[in-house]
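Welcome! Please take a moment with the sequence and the 3D picture before reading on.

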Amino acid sequence: MITLQGKGVSTGIAIGPLAFFERSSFVVEKKSISDAAGEIQRFQAAKQTAAEQLDELATTMADKIGKENALLFEIHRMVLDDPDYLDPIVNMIETERVCAEYAVLECGKRLARDFAEMEDGYMRERAADMDDVSKRVIAILSGSQQGPSGGNGPVILASDDFSPSETAQFDRASVLALAAQRGAANSHTAIFARTMGIPAIIGLGASLAPGLAGKPAALDGETGVLYIEPDSETLTELEKKRERLREERQALEQFRGKPTLTKDGRRIKLFANIGSVTDVEAVLASDAEGIGLFRSEFLYLGREDYPSEDIQYESYRKVLEEMKGKQVIIRTLDIGADKQVDYFNLPTEENPALGMRAIRICLTRPQLFATQLRAIYRASAHGNAAIMFPMISDLEELCRAKRIAGQVREALSAENIPFNPETPIGIMIETPASALISDILAKESDFFSIGTNDLTQYTLAVDRQNESIREFCDTHHKAILRLIRMTAENAHKAGIWVGICGMLGADPELTKTFIEMGLDELSVEPSYILNLRRRIAEI
Ligand code: PEP
Ligand code: MG
(Lines give C-alpha, C1' and ligand atoms only; values in the text may rest on other atoms or scores of the structure.)
(Ligands and ions follow the chains in the order given, each with its own letter.)
Protein backbone atom coordinates (compact mmCIF):
# COMPACT_ATOMS: atom_id res chain seq x y z
CA MET A 1 0.00 0.00 0.00
CA ILE A 2 1.27 3.50 -0.87
CA THR A 3 0.04 6.41 1.24
CA LEU A 4 0.11 9.91 -0.24
CA GLN A 5 -0.62 12.92 1.96
CA GLY A 6 -2.21 16.05 0.51
CA LYS A 7 -4.79 18.56 1.67
CA GLY A 8 -8.42 17.50 1.82
CA VAL A 9 -10.61 20.24 0.32
CA SER A 10 -13.89 18.40 -0.01
CA THR A 11 -14.92 15.77 2.51
CA GLY A 12 -16.14 12.26 1.83
CA ILE A 13 -14.70 8.80 1.28
CA ALA A 14 -14.22 7.30 -2.17
CA ILE A 15 -13.07 3.81 -3.03
CA GLY A 16 -12.36 2.80 -6.63
CA PRO A 17 -9.76 2.54 -9.37
CA LEU A 18 -7.41 5.46 -9.98
CA ALA A 19 -7.54 7.03 -13.44
CA PHE A 20 -5.57 9.91 -14.90
CA PHE A 21 -7.23 12.78 -16.61
CA GLU A 22 -5.70 13.18 -20.04
CA ARG A 23 -5.93 16.34 -21.98
CA SER A 24 -5.65 16.45 -25.70
CA SER A 25 -5.36 19.88 -27.12
CA PHE A 26 -6.76 18.68 -30.46
CA VAL A 27 -4.39 20.82 -32.44
CA VAL A 28 -5.66 19.73 -35.81
CA GLU A 29 -3.60 20.79 -38.80
CA LYS A 30 -4.99 21.28 -42.28
CA LYS A 31 -2.92 18.67 -44.12
CA SER A 32 -3.28 18.03 -47.86
CA ILE A 33 -3.68 14.43 -48.98
CA SER A 34 -3.36 12.79 -52.38
CA ASP A 35 -5.32 9.55 -51.77
CA ALA A 36 -8.87 10.76 -51.04
CA ALA A 37 -10.36 7.27 -51.19
CA GLY A 38 -7.83 5.98 -48.64
CA GLU A 39 -8.53 8.97 -46.36
CA ILE A 40 -12.28 8.35 -46.55
CA GLN A 41 -11.65 4.75 -45.59
CA ARG A 42 -9.55 5.93 -42.61
CA PHE A 43 -12.45 8.15 -41.57
CA GLN A 44 -14.98 5.29 -41.95
CA ALA A 45 -12.82 3.03 -39.76
CA ALA A 46 -12.52 5.70 -37.05
CA LYS A 47 -16.26 6.27 -37.22
CA GLN A 48 -16.82 2.53 -36.75
CA THR A 49 -14.53 2.45 -33.67
CA ALA A 50 -16.34 5.48 -32.22
CA ALA A 51 -19.68 3.73 -32.78
CA GLU A 52 -18.44 0.60 -30.96
CA GLN A 53 -17.17 2.70 -28.05
CA LEU A 54 -20.52 4.44 -27.78
CA ASP A 55 -22.50 1.20 -27.97
CA GLU A 56 -20.47 -0.16 -25.09
CA LEU A 57 -20.83 3.02 -23.05
CA ALA A 58 -24.59 3.06 -23.62
CA THR A 59 -24.96 -0.41 -22.11
CA THR A 60 -22.32 -0.32 -19.35
CA MET A 61 -23.20 3.17 -18.12
CA ALA A 62 -26.96 2.57 -17.92
CA ASP A 63 -26.45 0.50 -14.75
CA LYS A 64 -24.08 2.98 -13.20
CA ILE A 65 -25.61 6.34 -13.99
CA GLY A 66 -29.16 5.39 -14.84
CA LYS A 67 -30.85 4.82 -18.17
CA GLU A 68 -31.82 8.44 -18.63
CA ASN A 69 -28.27 9.74 -18.31
CA ALA A 70 -26.84 6.95 -20.46
CA LEU A 71 -29.20 7.99 -23.24
CA LEU A 72 -26.64 10.61 -24.13
CA PHE A 73 -24.35 7.93 -25.55
CA GLU A 74 -27.18 6.65 -27.72
CA ILE A 75 -27.75 10.16 -29.06
CA HIS A 76 -24.04 10.42 -29.91
CA ARG A 77 -24.24 7.03 -31.57
CA MET A 78 -27.14 8.20 -33.74
CA VAL A 79 -25.18 11.23 -34.91
CA LEU A 80 -22.59 8.85 -36.33
CA ASP A 81 -25.23 7.32 -38.62
CA ASP A 82 -26.72 10.61 -39.70
CA PRO A 83 -26.05 11.63 -43.33
CA ASP A 84 -26.24 15.30 -42.25
CA TYR A 85 -23.15 14.62 -40.18
CA LEU A 86 -21.33 12.17 -42.48
CA ASP A 87 -21.88 13.52 -46.00
CA PRO A 88 -20.22 16.93 -45.61
CA ILE A 89 -17.13 15.25 -44.11
CA VAL A 90 -16.74 12.77 -46.96
CA ASN A 91 -17.46 15.56 -49.43
CA MET A 92 -14.80 17.82 -47.99
CA ILE A 93 -12.14 15.09 -48.06
CA GLU A 94 -13.04 14.35 -51.68
CA THR A 95 -13.27 17.87 -53.05
CA GLU A 96 -10.75 19.77 -50.91
CA ARG A 97 -8.27 16.87 -50.51
CA VAL A 98 -7.76 17.56 -46.79
CA CYS A 99 -6.97 15.07 -44.02
CA ALA A 100 -9.88 13.40 -42.21
CA GLU A 101 -9.09 15.07 -38.85
CA TYR A 102 -9.47 18.51 -40.42
CA ALA A 103 -12.67 17.62 -42.28
CA VAL A 104 -14.27 16.21 -39.10
CA LEU A 105 -13.28 19.27 -37.09
CA GLU A 106 -14.50 21.83 -39.64
CA CYS A 107 -17.75 20.08 -40.62
CA GLY A 108 -18.48 19.25 -36.97
CA LYS A 109 -18.00 22.90 -36.03
CA ARG A 110 -20.35 24.09 -38.79
CA LEU A 111 -23.03 21.66 -37.72
CA ALA A 112 -22.59 22.61 -34.06
CA ARG A 113 -22.97 26.26 -35.04
CA ASP A 114 -26.21 25.50 -36.90
CA PHE A 115 -27.58 23.74 -33.82
CA ALA A 116 -26.44 26.56 -31.52
CA GLU A 117 -28.52 29.03 -33.52
CA MET A 118 -31.75 27.02 -33.42
CA GLU A 119 -34.85 28.43 -31.74
CA ASP A 120 -35.62 25.36 -29.70
CA GLY A 121 -33.68 25.12 -26.41
CA TYR A 122 -33.37 21.33 -26.61
CA MET A 123 -31.94 21.46 -30.14
CA ARG A 124 -29.50 24.20 -29.12
CA GLU A 125 -28.12 21.95 -26.41
CA ARG A 126 -27.34 19.35 -29.11
CA ALA A 127 -24.51 21.65 -30.33
CA ALA A 128 -22.35 20.33 -27.50
CA ASP A 129 -23.16 16.76 -28.58
CA MET A 130 -21.91 17.49 -32.11
CA ASP A 131 -18.65 18.76 -30.60
CA ASP A 132 -18.31 15.70 -28.38
CA VAL A 133 -18.85 13.29 -31.24
CA SER A 134 -16.29 15.08 -33.42
CA LYS A 135 -13.73 15.10 -30.60
CA ARG A 136 -14.18 11.36 -30.15
CA VAL A 137 -13.65 10.66 -33.85
CA ILE A 138 -10.62 13.01 -34.05
CA ALA A 139 -9.12 11.40 -30.95
CA ILE A 140 -9.40 7.98 -32.62
CA LEU A 141 -7.99 9.29 -35.92
CA SER A 142 -5.03 10.93 -34.20
CA GLY A 143 -4.47 8.14 -31.68
CA SER A 144 -4.96 10.52 -28.71
CA GLN A 145 -7.40 10.35 -25.83
CA GLN A 146 -9.25 12.80 -23.68
CA GLY A 147 -10.74 11.94 -20.35
CA PRO A 148 -9.90 9.34 -17.72
CA SER A 149 -7.45 6.62 -18.59
CA GLY A 150 -6.76 3.57 -16.45
CA GLY A 151 -10.29 2.75 -15.44
CA ASN A 152 -13.74 2.19 -16.87
CA GLY A 153 -16.81 3.55 -15.17
CA PRO A 154 -16.62 5.42 -11.84
CA VAL A 155 -13.04 6.34 -10.97
CA ILE A 156 -10.97 8.42 -8.60
CA LEU A 157 -9.71 10.95 -11.11
CA ALA A 158 -6.14 12.23 -10.79
CA SER A 159 -4.29 15.03 -12.56
CA ASP A 160 -1.54 17.59 -12.08
CA ASP A 161 -4.30 20.11 -11.47
CA PHE A 162 -7.89 20.61 -12.59
CA SER A 163 -9.07 23.89 -14.06
CA PRO A 164 -12.43 25.25 -12.88
CA SER A 165 -13.94 24.62 -16.30
CA GLU A 166 -12.74 21.03 -16.40
CA THR A 167 -14.18 20.43 -12.94
CA ALA A 168 -17.45 22.04 -13.97
CA GLN A 169 -17.83 19.57 -16.80
CA PHE A 170 -17.16 16.35 -14.91
CA ASP A 171 -19.95 13.86 -14.87
CA ARG A 172 -20.71 13.29 -11.20
CA ALA A 173 -21.76 9.72 -11.86
CA SER A 174 -18.39 8.68 -13.23
CA VAL A 175 -16.05 10.72 -11.04
CA LEU A 176 -15.97 9.36 -7.47
CA ALA A 177 -13.35 11.82 -6.26
CA LEU A 178 -10.61 14.18 -7.44
CA ALA A 179 -6.91 13.92 -6.58
CA ALA A 180 -4.51 16.63 -7.75
CA GLN A 181 -0.74 17.05 -7.53
CA ARG A 182 -1.16 20.82 -7.08
CA GLY A 183 -4.07 23.18 -6.39
CA ALA A 184 -5.28 25.56 -3.71
CA ALA A 185 -7.93 25.06 -1.04
CA ASN A 186 -9.67 28.31 -1.87
CA SER A 187 -9.50 27.94 -5.64
CA HIS A 188 -12.65 27.72 -7.70
CA THR A 189 -11.78 24.13 -8.50
CA ALA A 190 -12.00 23.21 -4.82
CA ILE A 191 -15.14 25.29 -4.35
CA PHE A 192 -16.71 23.52 -7.27
CA ALA A 193 -15.83 20.05 -6.01
CA ARG A 194 -17.48 20.89 -2.67
CA THR A 195 -20.56 22.25 -4.41
CA MET A 196 -20.86 19.09 -6.47
CA GLY A 197 -20.30 16.96 -3.36
CA ILE A 198 -17.24 15.26 -4.87
CA PRO A 199 -14.53 14.37 -2.30
CA ALA A 200 -11.24 16.02 -3.30
CA ILE A 201 -7.59 16.26 -2.28
CA ILE A 202 -5.06 18.74 -3.63
CA GLY A 203 -1.29 19.12 -3.16
CA LEU A 204 -0.43 15.39 -3.44
CA GLY A 205 2.79 16.22 -5.29
CA ALA A 206 4.62 14.41 -8.06
CA SER A 207 4.35 11.03 -6.31
CA LEU A 208 0.85 10.94 -7.74
CA ALA A 209 2.32 9.69 -11.01
CA PRO A 210 0.42 8.58 -14.13
CA GLY A 211 2.08 5.15 -13.73
CA LEU A 212 -0.42 4.50 -10.90
CA ALA A 213 -3.38 4.59 -13.31
CA GLY A 214 -5.62 1.56 -13.03
CA LYS A 215 -4.55 0.67 -9.48
CA PRO A 216 -7.22 0.27 -6.79
CA ALA A 217 -7.31 3.31 -4.52
CA ALA A 218 -9.16 4.94 -1.65
CA LEU A 219 -9.43 8.61 -0.83
CA ASP A 220 -10.30 10.38 2.41
CA GLY A 221 -11.32 13.95 1.61
CA GLU A 222 -11.20 14.92 5.29
CA THR A 223 -7.69 13.83 6.23
CA GLY A 224 -6.31 14.43 2.74
CA VAL A 225 -4.86 10.94 2.39
CA LEU A 226 -4.87 8.96 -0.83
CA TYR A 227 -4.21 5.22 -0.45
CA ILE A 228 -2.96 3.30 -3.47
CA GLU A 229 -3.63 -0.44 -3.31
CA PRO A 230 -5.12 -0.06 0.20
CA ASP A 231 -4.77 -3.10 2.46
CA SER A 232 -7.88 -4.75 3.85
CA GLU A 233 -7.46 -3.12 7.28
CA THR A 234 -7.43 0.37 5.76
CA LEU A 235 -10.41 -0.43 3.60
CA THR A 236 -12.39 -1.66 6.61
CA GLU A 237 -11.49 1.54 8.51
CA LEU A 238 -12.55 3.73 5.59
CA GLU A 239 -15.79 1.85 5.12
CA LYS A 240 -16.52 2.34 8.83
CA LYS A 241 -15.76 6.03 8.48
CA ARG A 242 -18.02 6.25 5.46
CA GLU A 243 -20.77 4.72 7.55
CA ARG A 244 -20.10 7.16 10.41
CA LEU A 245 -20.31 10.12 8.01
CA ARG A 246 -23.56 8.72 6.69
CA GLU A 247 -24.93 8.48 10.25
CA GLU A 248 -23.84 12.04 10.99
CA ARG A 249 -25.67 13.22 7.91
CA GLN A 250 -28.68 11.24 9.06
CA ALA A 251 -28.60 12.95 12.47
CA LEU A 252 -28.74 16.33 10.77
CA GLU A 253 -32.00 15.37 9.13
CA GLN A 254 -33.96 16.65 12.18
CA PHE A 255 -33.01 20.18 11.04
CA ARG A 256 -34.52 19.73 7.59
CA GLY A 257 -37.58 21.86 6.87
CA LYS A 258 -37.00 23.93 10.03
CA PRO A 259 -36.40 27.67 10.09
CA THR A 260 -32.85 28.79 10.90
CA LEU A 261 -33.09 30.31 14.36
CA THR A 262 -30.69 31.13 17.18
CA LYS A 263 -31.62 29.94 20.68
CA ASP A 264 -33.22 33.31 21.43
CA GLY A 265 -35.24 33.17 18.24
CA ARG A 266 -33.27 35.41 15.89
CA ARG A 267 -33.81 34.38 12.31
CA ILE A 268 -30.79 34.02 10.03
CA LYS A 269 -31.16 33.54 6.28
CA LEU A 270 -29.31 30.37 5.34
CA PHE A 271 -28.61 30.37 1.60
CA ALA A 272 -26.50 28.25 -0.76
CA ASN A 273 -23.85 29.00 -3.39
CA ILE A 274 -24.04 27.53 -6.87
CA GLY A 275 -22.04 27.62 -10.09
CA SER A 276 -24.39 26.03 -12.58
CA VAL A 277 -28.01 25.24 -13.28
CA THR A 278 -27.48 21.59 -12.33
CA ASP A 279 -26.33 22.60 -8.82
CA VAL A 280 -29.93 23.57 -8.02
CA GLU A 281 -30.58 19.89 -7.40
CA ALA A 282 -28.00 19.95 -4.58
CA VAL A 283 -29.52 23.19 -3.24
CA LEU A 284 -33.01 21.69 -3.09
CA ALA A 285 -31.64 18.54 -1.46
CA SER A 286 -29.72 20.66 1.08
CA ASP A 287 -32.83 22.53 2.27
CA ALA A 288 -31.26 25.95 1.72
CA GLU A 289 -33.65 28.89 1.95
CA GLY A 290 -32.42 30.54 -1.24
CA ILE A 291 -29.37 31.00 -3.40
CA GLY A 292 -27.06 33.67 -2.01
CA LEU A 293 -24.48 33.45 -4.79
CA PHE A 294 -24.96 32.15 -8.31
CA ARG A 295 -21.47 32.33 -9.81
CA SER A 296 -22.81 33.12 -13.28
CA GLU A 297 -19.35 33.10 -14.88
CA PHE A 298 -19.53 29.31 -14.99
CA LEU A 299 -21.95 29.78 -17.91
CA TYR A 300 -19.04 31.36 -19.79
CA LEU A 301 -16.45 28.68 -18.97
CA GLY A 302 -15.78 25.59 -21.08
CA ARG A 303 -17.20 27.20 -24.21
CA GLU A 304 -15.72 28.47 -27.44
CA ASP A 305 -17.77 31.65 -27.65
CA TYR A 306 -19.89 33.96 -25.51
CA PRO A 307 -23.20 32.50 -24.34
CA SER A 308 -25.99 34.41 -26.09
CA GLU A 309 -28.64 36.41 -24.22
CA ASP A 310 -31.16 33.61 -24.84
CA ILE A 311 -28.88 30.86 -23.54
CA GLN A 312 -28.25 32.87 -20.38
CA TYR A 313 -31.90 33.80 -20.00
CA GLU A 314 -32.92 30.16 -20.09
CA SER A 315 -30.33 29.18 -17.48
CA TYR A 316 -31.36 31.95 -15.07
CA ARG A 317 -35.02 31.28 -15.67
CA LYS A 318 -34.58 27.58 -15.01
CA VAL A 319 -32.83 28.26 -11.69
CA LEU A 320 -35.50 30.80 -10.67
CA GLU A 321 -38.35 28.48 -11.58
CA GLU A 322 -36.83 25.50 -9.80
CA MET A 323 -36.31 27.61 -6.68
CA LYS A 324 -40.07 28.35 -6.68
CA GLY A 325 -40.11 31.89 -5.31
CA LYS A 326 -37.09 31.57 -3.04
CA GLN A 327 -34.56 34.32 -3.61
CA VAL A 328 -31.79 33.74 -6.18
CA ILE A 329 -28.93 36.24 -6.12
CA ILE A 330 -27.22 36.21 -9.51
CA ARG A 331 -23.72 37.57 -9.42
CA THR A 332 -22.77 39.22 -12.69
CA LEU A 333 -19.77 37.97 -14.60
CA ASP A 334 -16.61 37.44 -12.53
CA ILE A 335 -14.20 36.29 -15.24
CA GLY A 336 -10.47 36.93 -14.94
CA ALA A 337 -7.84 35.91 -12.36
CA ASP A 338 -8.06 32.08 -12.09
CA LYS A 339 -11.11 31.92 -14.37
CA GLN A 340 -9.65 32.47 -17.82
CA VAL A 341 -11.59 32.02 -21.05
CA ASP A 342 -9.76 32.16 -24.39
CA TYR A 343 -12.46 33.92 -26.36
CA PHE A 344 -12.40 36.91 -23.99
CA ASN A 345 -8.86 37.59 -25.29
CA LEU A 346 -7.87 39.13 -22.00
CA PRO A 347 -4.38 40.65 -21.93
CA THR A 348 -1.63 38.58 -20.33
CA GLU A 349 -1.04 40.22 -16.98
CA GLU A 350 1.70 40.08 -14.36
CA ASN A 351 -0.91 40.04 -11.57
CA PRO A 352 -4.24 38.88 -12.95
CA ALA A 353 -5.93 38.92 -9.53
CA LEU A 354 -5.18 42.65 -9.46
CA GLY A 355 -5.95 43.12 -13.12
CA MET A 356 -8.78 43.01 -15.60
CA ARG A 357 -11.41 40.92 -13.83
CA ALA A 358 -15.07 40.95 -12.83
CA ILE A 359 -16.80 44.35 -12.85
CA ARG A 360 -13.74 45.90 -14.53
CA ILE A 361 -14.34 43.76 -17.62
CA CYS A 362 -18.05 44.55 -17.54
CA LEU A 363 -17.49 48.31 -17.34
CA THR A 364 -14.95 48.30 -20.15
CA ARG A 365 -17.14 46.04 -22.32
CA PRO A 366 -20.59 47.48 -21.61
CA GLN A 367 -22.26 45.55 -24.45
CA LEU A 368 -21.22 42.23 -22.90
CA PHE A 369 -22.51 43.44 -19.52
CA ALA A 370 -25.79 44.69 -20.99
CA THR A 371 -26.40 41.30 -22.64
CA GLN A 372 -26.05 39.54 -19.30
CA LEU A 373 -28.22 42.09 -17.50
CA ARG A 374 -30.94 41.78 -20.15
CA ALA A 375 -30.93 38.01 -19.65
CA ILE A 376 -31.18 38.39 -15.86
CA TYR A 377 -33.93 41.00 -16.03
CA ARG A 378 -35.96 38.91 -18.49
CA ALA A 379 -35.59 35.93 -16.17
CA SER A 380 -36.68 38.11 -13.21
CA ALA A 381 -40.26 37.79 -14.48
CA HIS A 382 -40.14 34.09 -13.51
CA GLY A 383 -39.07 34.15 -9.88
CA ASN A 384 -37.44 36.04 -7.04
CA ALA A 385 -34.21 37.36 -8.55
CA ALA A 386 -31.59 39.76 -7.26
CA ILE A 387 -28.52 41.14 -9.03
CA MET A 388 -25.10 41.40 -7.39
CA PHE A 389 -21.97 43.11 -8.74
CA PRO A 390 -18.54 41.60 -7.85
CA MET A 391 -15.23 43.34 -7.04
CA ILE A 392 -16.64 46.81 -6.47
CA SER A 393 -14.07 49.11 -4.90
CA ASP A 394 -15.44 52.54 -5.61
CA LEU A 395 -18.79 54.37 -5.65
CA GLU A 396 -18.21 55.48 -9.23
CA GLU A 397 -17.96 51.84 -10.39
CA LEU A 398 -21.24 51.02 -8.68
CA CYS A 399 -22.98 54.03 -10.22
CA ARG A 400 -21.68 53.17 -13.71
CA ALA A 401 -22.87 49.58 -13.34
CA LYS A 402 -26.28 50.77 -12.11
CA ARG A 403 -26.55 53.21 -15.02
CA ILE A 404 -26.08 50.33 -17.47
CA ALA A 405 -28.70 48.33 -15.56
CA GLY A 406 -31.04 51.34 -15.84
CA GLN A 407 -30.52 51.53 -19.62
CA VAL A 408 -31.29 47.81 -19.90
CA ARG A 409 -34.54 48.30 -17.96
CA GLU A 410 -35.53 51.21 -20.20
CA ALA A 411 -34.87 49.17 -23.34
CA LEU A 412 -36.91 46.22 -22.05
CA SER A 413 -39.82 48.51 -21.14
CA ALA A 414 -39.70 50.09 -24.60
CA GLU A 415 -39.84 46.62 -26.16
CA ASN A 416 -42.71 45.57 -23.85
CA ILE A 417 -40.69 42.66 -22.51
CA PRO A 418 -41.83 41.62 -19.03
CA PHE A 419 -39.35 41.90 -16.14
CA ASN A 420 -39.36 42.86 -12.48
CA PRO A 421 -38.28 46.52 -12.30
CA GLU A 422 -37.90 46.18 -8.52
CA THR A 423 -35.18 43.51 -8.80
CA PRO A 424 -32.82 44.36 -5.91
CA ILE A 425 -29.25 45.34 -6.81
CA GLY A 426 -26.56 44.57 -4.26
CA ILE A 427 -22.81 44.37 -4.24
CA MET A 428 -20.11 42.05 -3.02
CA ILE A 429 -17.79 43.47 -0.42
CA GLU A 430 -14.58 41.72 -1.33
CA THR A 431 -11.98 44.47 -1.50
CA PRO A 432 -10.72 46.28 1.61
CA ALA A 433 -11.65 49.54 -0.18
CA SER A 434 -15.31 48.58 -0.40
CA ALA A 435 -15.43 47.58 3.26
CA LEU A 436 -13.79 50.86 4.29
CA ILE A 437 -16.31 52.95 2.31
CA SER A 438 -19.25 50.65 3.00
CA ASP A 439 -21.11 53.58 4.61
CA ILE A 440 -21.02 55.37 1.24
CA LEU A 441 -21.74 52.28 -0.88
CA ALA A 442 -24.66 51.27 1.34
CA LYS A 443 -26.60 54.36 0.19
CA GLU A 444 -26.57 53.00 -3.38
CA SER A 445 -27.02 49.27 -2.61
CA ASP A 446 -30.01 47.14 -1.69
CA PHE A 447 -27.81 44.63 0.15
CA PHE A 448 -24.22 43.62 0.82
CA SER A 449 -22.71 40.15 0.52
CA ILE A 450 -19.19 39.84 1.88
CA GLY A 451 -16.87 37.76 -0.29
CA THR A 452 -14.36 36.67 2.32
CA ASN A 453 -12.29 34.61 -0.13
CA ASP A 454 -11.17 37.69 -2.02
CA LEU A 455 -11.43 40.01 0.98
CA THR A 456 -8.86 37.79 2.72
CA GLN A 457 -6.58 37.66 -0.30
CA TYR A 458 -6.61 41.42 -0.81
CA THR A 459 -6.44 42.40 2.87
CA LEU A 460 -3.63 40.05 3.89
CA ALA A 461 -1.89 40.24 0.47
CA VAL A 462 -1.94 36.43 0.18
CA ASP A 463 -2.65 34.98 -3.26
CA ARG A 464 -5.59 32.57 -2.77
CA GLN A 465 -4.16 30.33 -5.50
CA ASN A 466 -0.77 29.92 -3.84
CA GLU A 467 -0.71 27.03 -1.36
CA SER A 468 2.95 27.63 -0.47
CA ILE A 469 2.04 30.75 1.53
CA ARG A 470 -0.85 29.11 3.35
CA GLU A 471 0.85 29.63 6.73
CA PHE A 472 0.60 33.41 6.16
CA CYS A 473 -3.11 33.25 5.55
CA ASP A 474 -4.82 33.55 8.93
CA THR A 475 -8.48 33.50 7.95
CA HIS A 476 -9.43 34.64 11.46
CA HIS A 477 -7.11 37.66 11.23
CA LYS A 478 -8.40 40.66 13.21
CA ALA A 479 -8.14 42.87 10.13
CA ILE A 480 -10.68 40.77 8.30
CA LEU A 481 -13.02 40.50 11.26
CA ARG A 482 -12.85 44.29 11.74
CA LEU A 483 -13.71 44.87 8.08
CA ILE A 484 -16.67 42.48 8.36
CA ARG A 485 -17.91 44.19 11.53
CA MET A 486 -17.55 47.62 9.95
CA THR A 487 -19.45 46.50 6.85
CA ALA A 488 -22.27 45.00 8.94
CA GLU A 489 -22.62 48.17 11.03
CA ASN A 490 -22.65 50.43 7.98
CA ALA A 491 -25.21 48.23 6.22
CA HIS A 492 -27.56 48.36 9.19
CA LYS A 493 -27.14 52.11 9.64
CA ALA A 494 -28.34 52.47 6.04
CA GLY A 495 -31.18 49.99 6.64
CA ILE A 496 -29.99 47.25 4.27
CA TRP A 497 -29.25 43.58 4.97
CA VAL A 498 -25.76 42.09 4.96
CA GLY A 499 -24.51 38.52 4.51
CA ILE A 500 -21.38 36.49 3.85
CA CYS A 501 -21.00 34.34 0.75
CA GLY A 502 -17.28 33.50 1.04
CA MET A 503 -15.95 30.29 2.59
CA LEU A 504 -15.61 31.89 6.01
CA GLY A 505 -19.39 31.91 6.33
CA ALA A 506 -19.27 28.12 6.78
CA ASP A 507 -16.58 28.19 9.49
CA PRO A 508 -18.40 26.96 12.64
CA GLU A 509 -15.75 28.58 14.87
CA LEU A 510 -16.90 31.99 13.64
CA THR A 511 -20.66 31.48 13.49
CA LYS A 512 -21.16 32.98 16.97
CA THR A 513 -18.96 35.98 16.11
CA PHE A 514 -20.90 36.62 12.92
CA ILE A 515 -24.23 36.44 14.68
CA GLU A 516 -23.01 38.85 17.35
CA MET A 517 -21.84 41.20 14.59
CA GLY A 518 -25.40 41.19 13.27
CA LEU A 519 -24.93 39.35 9.97
CA ASP A 520 -28.37 38.66 8.51
CA GLU A 521 -27.47 35.96 6.01
CA LEU A 522 -24.91 33.21 5.44
CA SER A 523 -24.54 31.65 2.02
CA VAL A 524 -22.46 28.49 1.87
CA GLU A 525 -21.96 25.44 -0.30
CA PRO A 526 -25.04 23.19 -0.15
CA SER A 527 -23.35 20.40 1.82
CA TYR A 528 -22.85 22.75 4.81
CA ILE A 529 -26.47 23.90 5.16
CA LEU A 530 -27.88 21.50 7.75
CA ASN A 531 -24.69 21.54 9.78
CA LEU A 532 -24.77 25.30 9.96
CA ARG A 533 -28.46 25.33 10.88
CA ARG A 534 -27.62 23.06 13.83
CA ARG A 535 -24.67 25.30 14.81
CA ILE A 536 -26.86 28.43 14.72
CA ALA A 537 -29.48 26.70 16.88
CA GLU A 538 -26.81 26.29 19.61
CA ILE A 539 -26.09 30.03 19.78
C1 PEP B 1 -15.41 35.55 -2.49
O2 PEP B 1 -14.48 36.17 -3.03
O3 PEP B 1 -15.48 35.34 -1.27
C4 PEP B 1 -16.50 35.01 -3.32
C5 PEP B 1 -17.57 34.48 -2.77
O6 PEP B 1 -16.34 35.06 -4.67
P7 PEP B 1 -15.41 34.03 -5.46
O8 PEP B 1 -14.95 32.97 -4.49
O9 PEP B 1 -16.21 33.48 -6.57
O10 PEP B 1 -14.29 34.90 -5.92
MG1 MG C 1 -14.64 36.80 -5.10
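Here is a short briefing on side-chain contacts, grouped by topic.

This is a predicted model, in which local features need pLDDT of at least 70 and side-chain atom pairs count only at pLDDT 80 or more, while totals for chains, interfaces and linings use all residues. Residues are numbered from 1 along each chain as its sequence is written, chains are lettered from A and ligands numbered from 1 in the order in which they are written, and side-chain values use heavy atoms, with hydrogens and water left out.

**The magnesium site**

- The magnesium ion (ligand 2) has E430 (OE) and D454 (OD) as its protein donors, at 2.0 to 2.2 Å. Donors are N, O and S atoms within 2.8 Å of the metal (3.2 Å for Na, K and Ca), and sites may look incomplete because water is not among the atoms.
- E430 sits in the loop between strand 14 (425-429) and helix 14 (432-436), and D454 in helix 16 (residues 452-460), 24 residues apart. Helices (H or I, at least four residues) and strands (E, at least two) are DSSP runs, numbered from the N terminus.
- E430 and D454 are both buried. Buried means under 20% relative accessible area, exposed over 50%, and partly exposed in between (1.4 Å probe, protein chains only).

**Salt bridges**

- The whole structure has 33 salt bridges. Each is a side-chain nitrogen of Lys or Arg within 4 Å of a carboxyl oxygen of Asp or Glu.
- D287 and R533 form one of them, with their closest N and O atoms 2.7 Å apart. D287 lies in the loop between helix 9 (280-286) and strand 11, and R533 in helix 19 (residues 529-537), so this pair ties together parts that are 246 residues apart in sequence.
- D287 and R533 are both buried.
- E222 and K241 also meet in a salt bridge, at 2.7 Å from N to O. E222 is partly exposed at 46% relative accessible area, whereas K241 is buried at 12%.
- A network of salt bridges links E297, R331, D334, K339, R357, D454 and R464. Within it, D334 and K339 meet at 3.7 Å, N to O.

**Aromatic rings**

- A search of the whole structure gives 9 aromatic pairs. Rings of Phe, Tyr and Trp (its six-membered ring) pair if their centres lie within 6.5 Å; planes under 30 degrees apart count as stacked, over 60 as edge-to-face and the rest as tilted.
- F21 and F162 make a tilted pair, 6.2 Å centre to centre with 50° between the planes. F21 lies in strand 3 (residues 13-22) and F162 in the loop between strand 5 (155-159) and helix 6 (164-169), so the pair ties together parts that are 141 residues apart in sequence.
- F21 is buried at 12% relative accessibility, and F162 is buried at 4%.
- Y300, Y306, Y343 and F344 are joined by ring pairs into a cluster.

**Charges over rings**

- K269 has its charged end over the ring of W497, 3.7 Å from the ring centre. A charge sits over a ring if NZ of Lys or CZ of Arg is within 6 Å of the ring centre and within 35 degrees of the ring normal.
- R378 lies over the face of Y313, 4.1 Å from the ring centre.

**Cysteines**

- The structure holds 0 disulfides. A disulfide is a pair of cysteine sulfur atoms within 2.5 Å.
- The sulfur of C107 is too far for a bond, because the closest cysteine sulfur, in C99, is 12 Å away.
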